[in-house]
Amino acid sequence: MADDLAAGTTTSVALTRAHLDRIAAVDGAVHAFLHVDAEGALAQAAAADERRAEGATRSTLDGVPIAVKDVLATEGLPTTCGSKILEGWVPPYDATVVARLRAGGLPILGKTNMDEFAMGSSTEHSAYGPTHNPWDLDRIPGGSGGGSAAAVASFAAPLALGTDTGGSIRQPGAVTGTVGVKPTYGGVSRYGLVALANSFDQVGPVTRTVLDSALLHELIGGHDARDSTSIDVALPDLVGAARQGAGGDLSGLKVGVIRELAGDGWQPGVMARFTESVDLLVGMGAEVVEVSCPTFVHALATYYLIMPAEASSNLAKFDAMRFGLRVLPEGVDSPSAEDVMRATRDAGFGDEVKRRIILGTYALSSGYYDAYYGQAQKVRTLITHDFGAAFQQVDVLVSPTAPTTAFKLGEKLDDPLAMYLNDLATIPANLSGVPGISVPSGLADEDGLPAGFQVLAPALADDRVYRVGAALEAALTDKWGGPLLDRAPVLEGER
């Protein structure tokens with residue numbers, strides 16, 4: 001689309017209107033969006049066309065429309081985080097990544113659906129209803145960023161932003177046949193991101209190709225003085241790495257298959273596509289070895305102690321006093337501040353959010369802090385050490401992105417632990433802060449649904465995930481005779 005804009009064969013207004021028409025045609029079934037800003041997007045598109053006519057484009061992607069996960073502050077547009085407690089809240093400022101989108105000239109189509117406050121693996125925990133997987137509308141699109149992935153997979157948006165706390169970009173990417181990237185922690189600003197867990201959250205691209213992700217990543221990435229977790233180093237050449245990888249030469253690259261993230265308990269069709277993808281890397285000149293990261297088996301338990309602890313602290317600000325929902329308790333003539341807070345939080349938070357607040361508050365409570373939260377932080381350090389040891393042996397690590405393909409809506413709502421297992425392969429990267437990408441690896445034999453291939457690299461070596469991801473994507477696209485999304489069922493309406 002950027003190439004067509006540069007060549008003058010289309011306009012930003014035409015592209016934006018086409019995507020708004022697509023949203024109107026399919027989003028009633030998919031429910032990828034919580035808010036669509038048709039008027040604003042078309043105005044931004046018209047401005048992009050004027051700049052291009054004057055030879056004053058702002059970026060390579062100037063004029064290409066984008067969707068934004070509803071956990072990122074957008075001035076003048078609602079930001080609800082998928083929660084009733086923020087229903088109707090309009091931020092007075094933009095998140096840094098949103099400001100960079102605007103500075104780059106990308107029209108913002110709207111805000112995408114998500115699990116409430118990014119807590120979930122299926123986008124079934126949104127207070128505004130679930131998002132449906134475009135491959136099978138009876139199945140989940142992954143979570144918490146299922147709205148962004150479903151928007152891209154249903155061709156309702158060419159690009160989207162997501163956030164990845166324990167896999168919420170990569171896991172939806174795997175089950176919807178899209179590309180999802182979790183950058184190095186601190187490589188993309190978190191300012192204006194409504195935090196779930198500060199030491200995990202990272203903003204990243206959701207796209208249909210690896211090159212698209214690299215282009216978007218370079219636009220939103222880089223240091224931000226307003227974010228205390230932002231790393232003051234230049235981004236590597238991500239677009240160049242993606243273009244190099246697409247050439248199909250991985251000679252000299254050493255790839256480690258993570259022993260603990262494969263095998264028994266993983267869906268056979270997912271493992272079959274993973275094995276085929278590894279063989280393709282070998283065919284492009286990569287050396288593949290098996291690598292053991294023994295503490296990864298404790299990653300899930302570690303994450304679900306630390307993350308709820310941070311979440312319970314972060315969500316304390318939603319107290320009915322400063323912004324958002326306020327509910328007065330019934331049958332109380334002169335309610336105290338605590339009465340109002342209790343009634344508001346009870347009405348405004350969903351069950352999954354309440355569950356994690358309770359877990360986190362317990363883990364941080366007197367007498368249990370050292371036994372649970374403190375111990376989990378020690379294991380987190382061991383996981384980081386395992387990554388360090390592995391990257392002394394290999395250049396990148398690989399695994400399936402998720403243990404299974406998309407499960408049916410409602411199938412795991414009554415079993416939270418089974419739901420949490422979907423993040424088994426993605427969580428280690430968040431615990432350590434290393435970058436990762438999920439690339440479509442094909443369709444599982446059992447159900448014909450997409451599976452994902454995950455590539456992890458050392459911190460600040462994001463270019464490696466783009467090189468390997470693009471190489472695999474090119475080899476698979478050549479094998480399939482076209483992109484995987486070309487094989488998706490056609491939804492009502494034209495692409």
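Residues are numbered from 1 along each chain as its sequence is written, and side-chain values use heavy atoms, with hydrogens and water left out. Because the model is predicted, local features need pLDDT of at least 70 and side-chain atom pairs count only at pLDDT 80 or more, while totals for chains, interfaces and linings use all residues.

**Helix packing**

Helices (H or I, at least four residues) and strands (E, at least two) are DSSP runs numbered from the N terminus. Axes are lines fitted to C-alpha atoms, for helices over the stretch in contact, and angles run from 0 to 180 degrees between N-to-C directions. Helix α12 (residues 351–364) packs against helix α13 (residues 369–393) at an angle of about 105°, and their axes are 7 Å apart. The two are therefore roughly perpendicular to each other; angles under 35 degrees count as roughly parallel, over 145 as roughly antiparallel, 65 to 115 as roughly perpendicular and the rest as oblique. In contact (heavy atoms within 4.5 Å) are Tyr362, Ala363 and Leu364 of α12 with Tyr369, Tyr372 and Tyr373 of α13. This contact has six nonpolar, no polar and no charged residues. For these classes, Ala, Val, Leu, Ile, Met, Phe, Trp, Tyr, Cys and Pro count as nonpolar, Asp, Glu, Lys and Arg as charged, and the others, Gly among them, as polar.

Helix α10 (residues 299–314) packs with α12 at about 100°, with the axes 7 Å apart. That makes α10 roughly perpendicular to α12. The residues of α10 that meet α12 include Tyr304, Leu305 and Met307. Nine nonpolar, three polar and one charged residue make up the contact of α10 with α12.

On a 1 Å grid over the protein atoms alone, a cavity is a set of points where a 1.4 Å probe fits but cannot get out, and a pocket is an open set with protein on both sides within 12 Å along at least five of seven lines; lining residues have an atom within 4 Å of a point. Grid points are joined across faces, edges and corners, and a volume is the space filled by probe spheres set on the points. The whole structure holds four cavities of 30 Å³ or more.

| Space | Volume | Lining by class |
|---|---|---|
| Largest cavity | about 80 Å³ | six nonpolar, five polar, one charged |
| Second largest cavity | about 60 Å³ | five nonpolar, six polar, two charged |
| Largest pocket | about 330 Å³ | eight nonpolar, two polar, four charged |

Among the residues lining the largest cavity are Thr184, His223, Leu460 and Asp462. The second largest cavity has 13 lining residues, of which Ala118, Gly120, Ser168, Tyr303 and Asp423 lie nearest its centre. α7 gives the largest share of the lining of the largest pocket, three residues.

**Individual residues**

Ser213 lies in helix α7 (residues 210–220). Ser213 has 0% relative accessibility and therefore counts as buried; buried means under 20% relative accessible area, exposed over 50%, partly exposed in between (1.4 Å probe, protein chains only). Not counting residues up to four places away in sequence, Ser213 touches Val179, Val181, Pro205, Thr207 and Tyr466.

A cis peptide bond, with omega about 0°, joins Gly143 and Ser144. Ser144 sits in the loop between β3 (108–112) and α5 (146–153). Phe117 is found in the loop between β3 and α5. Phe117 is not a glycine, yet its phi is positive, near 50°. At 2% relative accessibility, Phe117 is buried. Phe155 also has a positive phi, of about 65°, and is buried at 18%.
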